[in-house]
Amino acid sequence: MGKLLEVNNLSISFTQYVQGLNRHDLKVISDLSIDIDESEIVAVLGSSGSGKSLLAHTILGILPYNAHVTGDVNFKGQILDQEKKEKIRGKEICLIPQSVNFLDPLMKVSQQAVGECKDDNERKEKEKRQREVFAKYGLDESVDDLYPFELSGGMARKVLLSTALLNDPDLLIADEPTPGLDAKSVEETIQDIRSLKEHGKGVLLITHEIDVALRTADRIAIFYSGYVIEINKVENFLNSENLLHPYTKALVDALPKNGFKLTEGVQPLEDVPGCPYYENCPIRLDKCQNNKPELIEHDGIMIRCFNFKETGSEEVVSEETGSEDVVSEEVVSEETGSEDVVSEEDNNEEEINDEA
Ligand SMILES: Nc1ncnc2c1ncn2[C@@H]1O[C@H](COP(=O)(O)OP(=O)(O)O)[C@@H](O)[C@H]1O
Ligand code: SF4
Ligand SMILES: [Mg+2]
């Protein structure tokens, strides 16, 4: 069976007008591919403003009108056009939004969870289900008649979660469900999301908190400057040696338990001609400056880097993209002879070049 969700080569840009008339395209997401299986939680981890919510909004078909989009979204093997997205939104695919502001402040929470109904029979059925789902998440009957402003942070989160689950969706998108919550509510949220997986749901967990991703997900996709640069199994994040991309390694090394070896530098806001991590990369090659690495599969891990290190070995795997493009043979000599390789691999005589 195919994947529950597949997003292929998604790019999103916005047209901006600088100083009145100069048109400028701001690319926010570039060539993003990601997939989720049934009973799988995939976290998308990226800093604020890196395009995580835009990914969620693309899947749901609620992007702002000025967004230019290429690529496609497949759900249960079918490409979703706008019409199909609207049809399954709130049913087969549901969103747990980031904030209580997504709730209508003028409507009781039970009413908005039930939503529009075509007749009394449907209303009765939905109200019954709403009560069951609310009760399952510890919301007693007194909550039904509350307005959003009357909810505590923890209750609001449970209302958002219950509302999203009311129609028993197959895919849940949780957009930053934990910021602002106390430790106990964060723990409950993680448990709630994990329990969805046990009920066969696929979950796309969007977060900028690595700790939450590590404790919740099966796989983690790392966003960097609008690109997915690595998708790896959560267990490989326990030791940066098991990770492939230098940014992902640095991210994990910077965890408090690993002694905060922080990387310097900022993510480029504008798209660059080569690898987006070039300026900050300790193992960059000459070719990285003007050639873009593609996202390729290596032993079940997705990686976007010309010069990643094989896990558990000292050897550098210099993989090309598999397509005919980009890196010619002259690059090979650059790699082996280059002074631009700034890394522990500098003295490594065992570099493997696929082209050799
Ligand atoms: N309607 C819009 N017009 C122009 N730029 C936008 C619009 N919506 C989002 N963006 C840009 O896209 C970037 C990514 O937004 P978003 O997906 O909300 O980031 P994240 O969820 O990762 O914090 C923002 O920093 C902003 O620059
Ligand atoms: S080695 Fe090159 S391709 Fe890999 S992250 Fe560094 S700059 Fe990018
Ligand atoms: Mg967001």
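# Reading a predicted chain with two ligands

Mentor: The secondary structure of this chain comes to 10 helices and 15 strands. The model is a predicted one.

Trainee: What does the pLDDT of the chain average, and what share of the residues score at least 70?

Mentor: The average pLDDT is 82, and 83% of the residues score at least 70. Over residues 319-356, however, the pLDDT is below 50, and this stretch has 52 contacts in the model beyond near neighbours in sequence. Where pLDDT is low, the predicted coordinates should not be read in detail.

Trainee: What share of the chain is buried?

Mentor: Of the 356 residues in the chain, 38% are buried. As for contacts between residues at least 6 apart in sequence, 63% join residues at least 24 apart.

Trainee: Let us turn to the sheets. In what order do the strands of the open four-stranded sheet lie?

Mentor: Strands of a sheet pair through backbone hydrogen bonds, either parallel or antiparallel. Here the order is 2-1-4-5, and the pairing is antiparallel. Strand 2 (22-36) and strand 5 (78-79) are the edges, each with a single partner strand, so one side of each has no neighbour in the sheet. Between strand 1 (residues 5-18) and strand 2 there are 11 bridges in the antiparallel sense. Within that pairing, Phe14 stands opposite Leu26 in strand 2.

Trainee: Which residues surround ligand 1?

Mentor: Phe14 is one of them, and the shell also includes Val28, Gly46, Pro64 and Asn66. By class, the shell around ligand 1 holds four nonpolar, seven polar and one charged residues. Helix 1 (residues 52-60) provides the largest share of this shell, three residues.

Trainee: Is helix 1 mostly covered or mostly open?

Mentor: An α-helix has 3.6 residues a turn, so residues three or four places apart point the same way. Helix 1 is mostly covered, with eight of its nine residues buried. After helix 1 comes Gly61, with a positive phi near 75°.

Trainee: Which residues are closest to ligand 2?

Mentor: Of the 13 residues that surround ligand 2, the closest are Cys275, Cys281, Cys288, Cys305 and Asn307. The shell around ligand 2 divides into 11 nonpolar residues, one polar and one charged.

Trainee: How is burial read along a strand, and which residues of strand 6 lie on each side?

Mentor: In a regular strand the side chains alternate between the two faces of the sheet. In strand 6 (residues 93-96), Ile93 and Leu95 are on one side and Cys94 and Ile96 on the other; all are buried, and both faces are covered. Strand 6 pairs with strand 7 (residues 171-175) in the parallel sense over four bridges. The bridge partner of Ile96 in strand 7 is Ala174.

Trainee: Why is strand 10 described as largely enclosed?

Mentor: Six of the seven residues of strand 10 (residues 227-233) are buried, so the rest of the structure largely encloses this strand. Strand 9 (residues 219-224) runs antiparallel to strand 10, joined by six bridges, and Ile222 stands opposite Glu230 in strand 10. Strand 9 and strand 10 form a hairpin with two residues between them. Strand 10 also pairs with strand 12 (residues 301-303), antiparallel over two bridges; there, Ile231 has Met302 as its bridge partner.

Trainee: What can be said of phi in the turn and in the loops?

Mentor: Most residues other than glycine have a negative phi, and most peptide bonds are trans. Ser225, in the turn of the hairpin, has a positive phi of about 50°. Lys76 is not a glycine, yet has a positive phi of about 50°; Lys76 lies in the loop between strand 4 (67-75) and strand 5. Asp299 also has a positive phi, near 50°, and lies in the loop between strand 11 (296-298) and strand 12.

Trainee: Why is Asp299 exposed?

Mentor: Asp299 has 8 other C-beta atoms within 10 Å, and the cut-off for an exposed residue is 12 or fewer. Lys76, with 16 such atoms within 10 Å, is partly exposed. By contrast, Ala217 has 26 C-beta neighbours inside 10 Å and therefore counts as buried. Ala217 is in the loop between helix 8 (210-216) and strand 9, and touches residues including Ile41, Leu205 and Val234.

Key. Residues numbered from 1 in each chain as written. Chains lettered and ligands numbered in written order. Predicted model: local features only at pLDDT ≥ 70, side-chain atom pairs only at ≥ 80, totals over all residues. Near = placed C-beta within 6 Å. Nonpolar A, V, L, I, M, F, W, Y, C, P; charged D, E, K, R; others polar. Buried ≥ 20, exposed ≤ 12 C-beta atoms within 10 Å, placed from the backbone. Pairing = 2+ DSSP bridges. Contact = placed C-beta atoms within 7 Å. pLDDT = per-residue confidence, 0-100.
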